[in-house]
Amino acid sequence: VREIVFAIGYRWEGYQRKWRSVWPELRRALEDAGGRSLAPFLEGIHEDATLRRALRVRLAVTVSRLFRGRRSFETLMRLLDATLPAQGEARVWSAGCASGEEACTLAMFWGESIRPLRPDLRLRIIGTDVRGECLDRARRALYPPGAARNVPPSLLERYFDSTPGGLRFRMPENVAATFVHSDLLEDPPPQECTIALCRSLAFTYFGPDGQRTACRALARAVVPGGFLVIGDRETLPAQEGFEPIPEDRTIFRRAGEKPAPEWPARP
Ligand SMILES: C[S@@+](CC[C@H](N)C(=O)[O-])C[C@H]1O[C@@H](n2cnc3c(N)ncnc32)[C@H](O)[C@@H]1O
């Protein structure tokens, strides 16, 4: 079982509960694949990207929250304020966007701190995930009230409509979000992004090879001088392309002189 989990790029270091839930999912995957025994199934995973993708969908952890990692967003807004142009478009990649909570959080911070100063600058958020039902929820932007418990009341009022189905998020003016299916370990990343958010995904749940692939994709996505944000409890493995910044250990600057790494990744 461990070998199968490693073969799809995951690791879950220190997540015993997750390991316990794997076997039932794997058994279902084996049945779907015609009841093959584990050895040929493992071989198939090494050779067949479709199988790897399908397993990641089954095994992904999808927990997210609105306003998660508030400190990172506050620092990020200060950095953006010091570097963004007055007009044009800034692109953001939310890698592993879950149901859009991270996109909404960024949109609120943008609406409060960047938009008033730069009314002619547009923000485009590109959220990617492997789970179709998460992407559908992100497109609906409808959240149960409990999901918004960390959102300050003034922002709750400004950005959410209370509907019978839950709280519906309203994007600020000049901010647009699109949510697309994409596997961080297999698919080419979006390009020309000023920011990439990769939190509670690669640097928590991926093994070393998966983390290297993710880093390459992130460095490819972010323009020189742009920013990568990781989770509060995560560490970026030492690698070329991003430099730490003194203000915040969750934010890294894309080094200017390093060319974008190749995609697809070559070992
Ligand atoms: C724990 S959630 C984190 C969500 C959000 N980034 C946050 O910090 O709140 C991880 C998300 O990554 C997605 N995911 C897992 N493996 C992935 C992969 N290989 N490529 C893209 N998304 C993936 C999961 O479906 C899930 O929605």
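Asp129 puts a polar side-chain atom 2.6 Å from an oxygen atom of the ligand, a polar contact in the sense of N or O atoms paired within 3.5 Å. This is a predicted model, where local features need pLDDT of at least 70, side-chain atom pairs count only at pLDDT 80 or more, and totals for linings use all residues. Numbering runs from 1 along each chain as its sequence is written, and side-chain values use heavy atoms, with hydrogens and water left out.

Here are the ligand contacts:

| Residue | Protein atom | Ligand atom | Distance |
|---|---|---|---|
| Asp129 | polar side-chain atom | oxygen | 2.6 Å |
| Asp183 | polar side-chain atom | nitrogen | 2.9 Å |
| Ala98 | backbone N or O | oxygen | 3.5 Å |

The protein covers 99% of the 600 Å² of accessible area that the ligand has on its own (Shrake-Rupley method, 1.4 Å probe). Around the ligand there are 22 residues, with Tyr10, Ser64, Arg68, Asp129 and Asp183 the closest; a residue counts if one of its heavy atoms lies within 4 Å. By class, that shell has ten nonpolar, five polar and seven charged residues, with Gly counted as polar and Tyr as nonpolar.

Now for the pocket. A pocket here is an open set of points on a 1 Å grid where a 1.4 Å probe fits, with protein on both sides within 12 Å along at least five of seven lines, and lining residues have an atom within 4 Å of a point. The lining has 37 residues, with Val61, Val63, Arg68, Ser200 and Tyr205 nearest the centre.

Technical notes. A polar contact is a pair of N or O atoms within 3.5 Å; within protein, one must be able to donate a hydrogen and the other to accept it, and residues adjacent in sequence count only if both atoms are side-chain atoms.
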